[in-house]
Amino acid sequence: MPKAPMQHVCSFCKRLVTIKNQYDMPIFDPQSGFAICKNCIEDIYHFLEAHEQETAEHEKKDFTDALATSLEKTKPHVVKEYLDKYIINQDHAKKILSVAVYNHYKRMKYGYEHSDGTEIEKSNVIMLGPSGCGKTALLSHLSQLLDIPFAVTDASSLTEAGFVGADVEVAVRNLYYAADKDIDRTEHGIIYLDEFDKIARKSGENNSITADPGHEGTQQALLKMLEGSIVEFTARGQRKHPEAPTIKVNTQNILFIVGGAFVGIDKIIEKRLQKSEASIGFGAKVEGENDKPKFDDLLRQVTPQDLMKYGIIPEIIGRLPVICTLETLDEDALLRILTEPVNAPVRQYQKLLEMDNVELEFDDAALRAVAKEAIKRKTGARSLKGIIEDVMLDIMFDIPRSDEPRIVRITEDCITKGAQPEIRPANKQDTPKKTKKTAAKTEE
Ligand SMILES: Nc1ncnc2c1ncn2[C@@H]1O[C@H](COP(=O)(O)OP(=O)(O)OP(=O)(O)O)[C@@H](O)[C@H]1O
Ligand SMILES: [Mg+2]
Ligand SMILES: [Zn+2]
């Protein structure tokens with residue numbers, strides 16, 4: 001005699017359900033009698049699915065909306081104006097970066113809105129320029145302006161997996177943290193690889209690869225990233241072991257900007273130019289040592305071939321279609337850097353002393369002397385702060401001994417001959433300093 005089929009009431013819809021197998025009543029607790037039938041579970045599932053789809057669409061829309069606002073804020077001329085507040089000269093580089101960033105936003109927006117098959121390709125940028133001319137500074141200010149995540153990684157610290165140092169994945173991991181661990185944002189961010197010339201094969205194009213295995217490997221690993229691949233990494237501070245949970249990021253849409261001083265590349269360019277001149281019959285015109293074309297003129301003529309000779313593998317160069325060169329800063333530029341940018345060194349020291357009730361004045365001749373000294377040191381704007389710091393140390397040590405309002409004047413002799421700055425009591429009319437032109441605003 002067949003057993004009577006088991007029946008049970010669904011706690012949810014209260015129907016009496018005939019249970020032929022466990023799927024008719026997927027949730028069933030024999031002890032309490034609590035149960036949910038197949039129909040109800042299906043309904044709940046559809047309900048949740050619809051909700052998830054809706055939020056996903058909503059989030060996507062939020063992202064495109066945000067993009068529209070960002071696009072407005074990152075129009076090339078707006079970006080350049082912002083950079084102008086911090087960086088003197090380098091107009092060409094500012095333009096290239098502004099356009100690169102704007103196009104990056106457009107590309108994102110396009111990707112979210114269109115699917116007609118036209119693919120806008122990324123235009124990764126390579127920047128070349130002498131030491132201390134503002135490469136790192138440009139990019140770090142740019143990163144402060146942008147809404148999309150932006151991370152700077154020192155390429156010279158990167159090595160191929162298995163070597164001592166950081167794996168190339170670190171660059172993406174830095175971006176992931178800059179994106180507050182949001183993968184979607186990470187996948188649309190910008191990575192700046194600083195000191196990129198340091199991973200050139202030291203041997204250059206002609207020598208054997210095996211002479212410099214570490215750097216060649218690093219470049220190969222970076223190439224995969226540049227081409228667009230899934231990069232896998234562990235959370236910060238977590239040791240890499242087979243079971244460690246990993247985060248996966250697709251680098252397809254990440255914009256890469258690389259930069260470096262490429263010391264010595266001018267020689268390579270010059271040699272190539274001389275050769276081509278010789279080959280078209282102007283050999284006799286090759287100039288003597290003194291008429292040597294200036295470094296900047298040479299650098300401006302850099303080609304992918306020169307970069308290859310320098311020791312960057314051709315595949316990487318092919319992925320960096322935009323070449324951007326920066327200029328050497330001359331004395332006048334250095335002079336302006338001392339006072340004009342919102343965070344100019346002179347403004348910073350003025351701000352510091354203002355807190356001690358002291359007004360700091362620099363003679364024009366003193367500032368010019370600082371710029372001249374910086375030119376001698378050949379490290380671009382980098383040495384400016386150090387030169388002033390040397391002069392300011394004693395002042396900053398002694399000034400806080402008293403609360404008296406004073407005026408400190410730095411003269412040319414202070415810079416060139418190590419003379420002591422002039423200190424005099426401030427007159428009543430000299431205060432309050434805030435209304436004076438010299439009491440400049442500082443942002444840092
Ligand atoms: N054109 C500039 N305008 C204003 N400040 C500048 C400029 N160039 C450099 N500086 C200042 O000089 C310092 C060094 O510049 P930066 O680090 O950008 O040099 P770099 O080009 O990256 O050189 P390197 O190739 O040696 O890394 C920074 O503090 C920066 O603020
Ligand atoms: Mg730098
Ligand atoms: Zn039910």
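User: In this predicted model, which residues come nearest to ligand 1?

Analyst: Of the 19 residues around ligand 1, those that come nearest are Ser 131, Gly 134, Thr 136, Ala 137 and Ala 381. By class, the shell consists of nine nonpolar, eight polar and two charged residues, and its largest share, three residues, is supplied by helix H4, residues 135-145.

User: What makes helix H5 largely enclosed by the rest of the structure?

Analyst: A residue counts as buried when 20 or more other C-beta atoms lie within 10 Å of its own, and eight of the 10 residues of H5 (residues 169-178) are buried, so the helix is largely enclosed by the rest of the structure. The buried residues are Glu 169, Ala 171, Val 172, Arg 173, Asn 174, Leu 175, Tyr 176 and Ala 178. For the protein chain as a whole, 32% of the 444 residues count as buried. After H5 comes Asp 180, whose phi is positive, near 55 degrees.

User: Why is Phe 262 called buried, and where is it found?

Analyst: The cut-off is 20 or more other C-beta atoms within 10 Å; Phe 262 has 25 C-beta neighbours inside 10 Å, and therefore counts as buried. Phe 262 is found in the loop between E12 and helix H8 (265-282), and its phi is near 45 degrees, a positive value in a residue other than glycine.

User: What makes Glu 195 and Glu 227 partly exposed rather than buried or exposed?

Analyst: A residue with 12 or fewer such neighbours is exposed, one with 20 or more is buried, and partly exposed covers what is in between. Glu 195 has 18 other C-beta atoms within 10 Å, so it is partly exposed, and Glu 227, with 13 other C-beta atoms within 10 Å, is therefore partly exposed as well. Glu 195 lies in the loop between E9 and H7 and has a positive phi of about 55 degrees although it is not a glycine, whereas Glu 227 is found in helix H7 (residues 213-227). Glu 227 and Thr 251 are 24 residues apart along the chain, and their C-alpha atoms are separated by 7.8 Å.

User: How do you know that E6 and E9 are paired, and what is the order of the strands in their sheet?

Analyst: Two strands pair if at least two bridges are found between them, and E6 is joined to strand E9 (residues 190-194) by five bridges, the two strands running parallel; one of the residue pairs is Ala 151 with its bridge partner Ile 191 in E9. The order of this open sheet of five strands is E6-E9-E12-E5-E13, with parallel pairing. Strand E6 (150-154) and strand E13 (322-325) are the edge strands, each pairing on one side only, and neighbouring strands are turned by 20 degrees against each other on average, direction ignored.

User: Which helices lie on this sheet, and what are their angles to E6?

Analyst: H4 lies across strand E5 (125-128), E6, E9 and strand E12 (255-260), running at about 155 degrees to E6. H5 packs on the sheet as well, touching E6 and E9, and its direction makes about 150 degrees with that of E6.

User: Why are E14 and E16 said to stand at the edges of their sheet?

Analyst: The sheet in question is open, has three strands in the order E14-E15-E16, and shows mixed pairing. Strand E14 (358-362) and strand E16 (422-425) each have a single partner strand, so one side of each is left without a neighbour in the sheet.

User: What makes the pairing in this sheet mixed?

Analyst: E14 and E15 pair in the parallel sense over five bridges, while strand E15 (residues 406-410) and E16 run antiparallel and are joined by four bridges. Val 358 stands opposite Arg 406 in E15, and the bridge partner of Ile 407 in E16 is Arg 424.

User: Which residues of E14 form its covered face, and which its uncovered one?

Analyst: The covered face of E14 holds Val 358, Leu 360 and Phe 362, and the uncovered one holds Glu 359 and Glu 361.

Methods: Residues numbered from 1 in each chain as written. Chains lettered and ligands numbered in written order. Predicted model: local features only at pLDDT ≥ 70, side-chain atom pairs only at ≥ 80, totals over all residues. Near = placed C-beta within 6 Å. Nonpolar A, V, L, I, M, F, W, Y, C, P; charged D, E, K, R; others polar. Axes fitted to C-alpha atoms, helices over the stretch in contact; angles between N-to-C directions. Contact = placed C-beta atoms within 7 Å.
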